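Me: I'd like to go through a few labels on this structure and see what stands behind each one. Shall we start?

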Amino acid sequence: MGANRRKSEDPPAATLDHVLLASRESAEEREARIRALFNFFDAESRGYLDFAVIEGGLSALRMPSEEKYARDLLSACDANEDGRVDYEEFKRYMDGKEVELYRIFQAIDVEHSGCILPEELWHALVSAGIQIDDEELARFVERVDKDNNGVITFGEWRDFLLLYPHEATIENIYHYLERVCLVDIGEQTVIPAGIIVLQVQTTRAHIMPAIKDIWKEGGFLGFFRGNGVNVLKVAPESAIRFYTYEMLKTFIVNAKGAEAKADVGTMGRLLAGGTAGAVAQTAIYPLDLVKTRVQTYACEGGRFPSLGTLSKDIWVQEGPRAFYKGLIPSVLGIIPYAGIDLAAYETLKDMSKKYILHDEEPGPLVQLGCGTVSGALGATCVYPLQVVRTRMQAQRAYMGMADVFRRTFKHEGFRGFYKGLFPNLLKVVPSASITYLVYENMKKGLDLE
């Protein structure tokens, strides 16, 4: 962000001719665009707009539709203050607003490239005394940048701010962006906690604001967003992990010349568990990435694309390698997590059998307890890597794992690597407990002991 810049004294004088040139449209095309927008609000062809019509139009456009915004826009357009806005008043507002937006666009575009680069927007915000981190900046640019090419053209800038009724200062634009850029962000029985974890991990939100935002965007069903692909992911992942774990334990026991799997030892369990976790994670990773994208998709009105559409967009826009984005920190995290989780579970189960149950087989409550402790221990130990993986999956702004570590530590400190730990434990603890309970009962039912 530290590029050398030419300091501008005042924004250059601007006219509608400048606006037309920057918009790359003729006067006739601009007239038709403004007329179409007026007709969109005036759906009943009454020839004028009033408060109710403006409020309904803002809501239909999924823009801030609170009474304050609608009244302020009405006031800004209503030159004769009769409570109604005819087309000529509407067009006069558009003329003034577009010139105003062009002036500030030119002031931010210090390189005069005809578009606003992310670093130029950052510099303008910082110069205005607004502190913004890289993640928030990337989110803002993505919200305005409709064609997703990484820069903001004047047309995109204009369309985003055209109906903003207040003076277009950097401070006002920042607060408006904050208002409209609310980003949404276990398994079957605990998926709401998973949604909250992703919301907290990928943004600067806290738990309660994240819950409120998810509820506002999607209601109760918003907490189960991505659950379908989550179930598709968990079933083969668990099967591969436990099958590989049991096979590796057998291999290690045979290599040591022991007689039973119980003699594999703690180090053997750690090795088998870590390797099994890495194999399972690699096998289902594309599904895991798509699930994360669904759960963190910045939706409007609670709607988000289908899995097929989202997968196609990732393939076309980012290429096939994108489906394995974040795989390295994921595998680095899953190896110690799965190793600690599986080794701790079996060690705790053996200890309870020996010292508490006196060689009796552990029942469901003991299994649940062992799963709770082992899951919480494993999740806490590797949580920083989970945060890094999730941010790489959900956000395109990062250049790699090292970049995520650097930016997170720079802007959020050490605590940033443990954002969302509490809701994550709320998800992991019951999920791990239920998984081990089902695992033990399936082994007995299928005679796999």
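Me: Why does S433 count as buried?
Reply: The relative accessibility of S433 is 4%, and buried means under 20% relative accessible area, with exposed over 50% and partly exposed in between (1.4 Å probe, protein chains only). So S433 is buried. A word on the basis: this is a predicted model, where local features need pLDDT of at least 70, side-chain atom pairs count only at pLDDT 80 or more, and totals for chains, interfaces and linings use all residues. Residues are numbered from 1 along each chain as its sequence is written, and side-chain values use heavy atoms, with hydrogens and water left out.

Me: Which residues does S433 touch, not counting those up to four places away in sequence?
Reply: They are L368, G371 and T372, where contact means heavy atoms within 4.5 Å.

Me: What makes α16 oblique to α19?
Reply: Helix α16 (residues 364-381) packs against α19 at about 135°, with the axes 7 Å apart. Angles under 35 degrees count as roughly parallel, over 145 as roughly antiparallel, 65 to 115 as roughly perpendicular and the rest as oblique; therefore α16 is oblique to α19. By class, their contact has 12 nonpolar, 9 polar and 2 charged residues.

Me: And how do you know that A278 is buried?
Reply: A278, in helix α13 (residues 265-295), has a relative accessible area of 14%, so A278 is buried by that cut-off too. Leaving aside neighbours within four places in sequence, A278 is in contact with V331, I334 and I335.

Key:
Axes are lines fitted to C-alpha atoms, for helices over the stretch in contact, and angles run from 0 to 180 degrees between N-to-C directions. Helices (H or I, at least four residues) and strands (E, at least two) are DSSP runs, numbered from the N terminus. Ala, Val, Leu, Ile, Met, Phe, Trp, Tyr, Cys and Pro count as nonpolar, Asp, Glu, Lys and Arg as charged, and the others, Gly among them, as polar.
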